[in-house]
Amino acid sequence: FSIDGFQLKLQSLDRYEIDFTLENNGTEAESLPQVSVTFNDEKGIVLLRRILKPGEYAGRSAQDEIPANGALPVRFTFGLAGDRPASCEVKALPGA
């Protein structure tokens with residue numbers, strides 16, 4: 001899996017919108033992976049890391065898998081109280 005077109009948008013003081021496309025670069029259909037979201041401060045210290053299940057980022061009515069060479073657009077909001085993050089990283093965790 002790969003993450004393409006990642007965007008992080010501030011919606012309010014402590015609410016962010018995360019937008020990306022999850023791509024299956026394989027030759028076979030694959031089950032939706034878990035997704036890791038990590039917010040870091042300006043020193044690279046982790047402020048928050050969360051592992052999301054497919055139902056949390058793709059919605060309960062989402063398909064269970066992505067076809068070979070297929071893609072799934074993903075958009076969700078995320079709350080983060082406290083310090084404003086300097087960066088955010090999103091990774092697909094296949095087989096998790």
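Two strands count as paired if DSSP finds at least two bridges between them. The model shown here is predicted. With that rule in mind, begin with the sheet that contains β1.

This sheet is open and has three strands, in the order β1-β2-β7, and its pairing is antiparallel. Its edges are formed by β1, residues 2-12, and β7, residues 71-79. Each of these two has a single partner strand, so one side of each is left without a neighbour in the sheet. On average, neighbouring strands here are turned by 15° against each other, with direction ignored.

Strand β2 covers residues 15-23, and it pairs with β1 through eight bridges in the antiparallel sense.

What is the order of its strands? The order is β5-β4-β8, in an open sheet of three strands with antiparallel pairing. At the edges are β5, residues 46-52, and β8, residues 87-93, and each pairs on one side only. The twist from one strand to the next averages 15°.

Here too, one pairing can be followed down to its residues. How many bridges join β4 and β5? There are six, in the antiparallel sense, and β4 itself covers residues 34-40. For an example, locate Val-37: its bridge partner is Arg-50 in β5.

Definitions and conventions:
Residues numbered from 1 in each chain as written. Predicted model: local features only at pLDDT ≥ 70, side-chain atom pairs only at ≥ 80, totals over all residues. Heavy atoms only, no water. Helix = DSSP H or I, 4+ residues; strand = E, 2+ residues; numbered from the N terminus. Axes fitted to C-alpha atoms, helices over the stretch in contact; angles between N-to-C directions.
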